[in-house]
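Hi there,

Here is the structure I promised to send over.

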Amino acid sequence: MICKPNEHVILLGGGIAGLATGLELARKGRRVTIIEKGSVVGGLARTYVKGDFRFDVGGHRFHSPKPEIIGWVQDLMGADLLRVPRISHIYLQGKFVDYPVRFPNALSIFSPSQAAHVLSSYAAAAMRHRLNGHTPDVSFEDWVVKRFGRAMYDVFFGPYTEKVWGIPCKELSADWAAQRISLPNLSETVKRALVPGSEPPATIISHFWYPIAGFGMIPDRMASEIQRLGGRVITGAGVTGMVLLPDGRWQVSIEGKTGSDVLDGDRVISSIPLNLLLRALPAASGAHDIERDFQLTYRDMVLLFLALKLPGGRTQVSEDSWTYFPQPELLCGRTHEPRNWSDAMAPEGYTSLSAEVFTSRGETAWDTPDEQLVARAVREFESIGFLPANSLHDAWVLRVPFAYPVYYIGYADKVRTVKDFLASRFTNLHLVGRTGSFRYMNSDGVIEDALALTTYLTGERDEYIDVSRTYKVD
Ligand SMILES: Cc1cc2nc3c(=O)[nH]c(=O)nc-3n(C[C@H](O)[C@H](O)[C@H](O)COP(=O)(O)OP(=O)(O)OC[C@H]3O[C@@H](n4cnc5c(N)ncnc54)[C@H](O)[C@@H]3O)c2cc1C
């Protein structure tokens, strides 16, 4: 057993990772303290309340291919979980087609000859890949073109991916594609494209779970449970420094609006951005040099929360869970309509959109004043017929740093070096989750990671299993 029953464990970050790990340790009798910089817990999985409206950070659905992970969340949430249908479309060539791309619907945006070209380029690439697909892929572009053909890449995969990341797909690691894209069955795809009226293949989930008052109910419930079990949850205070005492215990300095404090702990588990952790560690350990030399990049985002009163008594913009806009000339890359997930997300007679702007600190969109961002987004949505004129009732803008770890080519070696450094210097410091360990995972993967870490620390398993190695987003 690594984490003894009498230990005090300090968890940096009160997102899903810190909370799920803290909750599992508290359930196993450990004394835990969560330190969260935000005014409330939840991190990326928080739900914001704005007037009578509720908004997630980009719409968070819950799904896992693993029944035990779904069961873990069901046990926590009881009857507060809704089952919601997943319906998504992508705006291409003036039309909304199913997303992720499904055939034959996806071909409806093309003329018959263009459609034949796209399909034949896909069929040829997929066949080549089957026969000779063992050469390693370096970039996202390599991965997709090899399996789906250039035409599919140019239309369906490239533009949206470049908009999300703000870098050419040649610079994005193939790992990203492998984790995100399920390969449809070629013969089935062609058959369904040619046989009129065929149903699209069921390659993606059709329903997901969603808490009745927003995804933030999940982290809120975890925090309440931790407190009920005697743990502490400190919000509104960020970690500013860490000292490893000669007896091996940690001293963690925190600072918030109400002042500063120093906490003593036997073990630290971090889910805060890896760069921030390295900067909080003692300079003499070499952590600051590692942080400077290995520059791990996170992608930020800006969210536009649009409260809407639609004309003619309508209360729905579309039936979509998400709608995707890959065009670089459009400000927003994706929208989500909270009311389609739970009626409790918007008041009677109104609806809303959470519109995502993919950007990073220092880029134009990040620095544009709020009202200009909102005016541009609404104008563009009206011009493409997505929003009726004069629908805007109110708006709020949220800037979200550290939204996604960026899988640049070469990122994996850098992350490995940073983690090896930490493991070799600090035996009682552990990383967990998506933001803290720089691994792209949704909340289900993060919870699975928290369970993998706690079972290892408490001696129920001999080794820590890195769930991100096999993790795939459905
Ligand atoms: C736009 C978007 C859409 C998503 N959609 C889905 C979805 O549909 N379904 C799904 O399951 N997942 C989704 N995710 C992923 C999900 O949000 C993450 O997997 C999960 O929330 C990550 O949790 P975490 O605890 O690892 O990280 P975080 O949520 O980033 O938690 C880190 C915490 O550390 C805190 N912190 C930072 N610095 C300090 C400091 N110095 N001191 C103390 N605390 C600090 C932060 O405030 C934050 O609360 C989405 C993510 C994004 C960005």
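A quick definition to begin with: two residues are in contact when they have heavy atoms within 4.5 Å. Please keep in mind that this is a predicted model, where local features need pLDDT of at least 70, side-chain atom pairs count only at pLDDT 80 or more, and totals for chains, interfaces and linings use all residues. Residues are numbered from 1 along each chain as its sequence is written, and side-chain values use heavy atoms, with hydrogens and water left out.

**The two domains**

The chain is split into domain 1 (8–45 + 66–81 + 215–296 + 408–469) and domain 2 (101–194), with bounds from an automatic or database domain assignment. Their C-alpha centres are 36 Å apart. Across the boundary, five residues of domain 1 touch 11 residues of domain 2. About 690 Å² is buried between them, 59% of it from carbon and sulfur atoms; buried area here is the accessible area (1.4 Å probe) that two parts lose on being put together, summed over both. On the domain 1 side, Tyr408, Ile409 and Tyr440 lose the most area, together 81% of what that side buries.

**The sheet**

Helices (H or I, at least four residues) and strands (E, at least two) are DSSP runs, numbered from the N terminus. Five strands make an open, parallel sheet in the order β9-β2-β1-β13-β19, where strands pair if DSSP finds at least two bridges between them. At the edges sit β9 (232–235) and β19 (429–431), each pairing on one side only. From one strand to the next, the twist averages 20°. Strand β13 (residues 267–270) pairs with β19 over three bridges, in the parallel sense, and valine 268 stands opposite leucine 429 in β19.

**The helices**

Helix α1 (residues 16–27) lies across β1 (8–12), β2 (31–36) and β13, at about 165° to β2. Helix α8 lies across β2 and β9, running at about 130° to β9. Axes are lines fitted to C-alpha atoms, for helices over the stretch in contact, and angles run from 0 to 180 degrees between N-to-C directions.

How do α2 and α8 cross? The axes of α2 (residues 67–77) and α8 (residues 217–228) come within 10 Å and cross at roughly 70°, so α2 is roughly perpendicular to α8 (65 to 115 degrees counts as such). Trp72, Val73, Leu76 and Met77 of α2 meet Met217, Ile218, Arg221, Met222 and Glu225 of α8.

Best wishes

How values were computed. Parallel < 35°, antiparallel > 145°, perpendicular 65-115°, else oblique.
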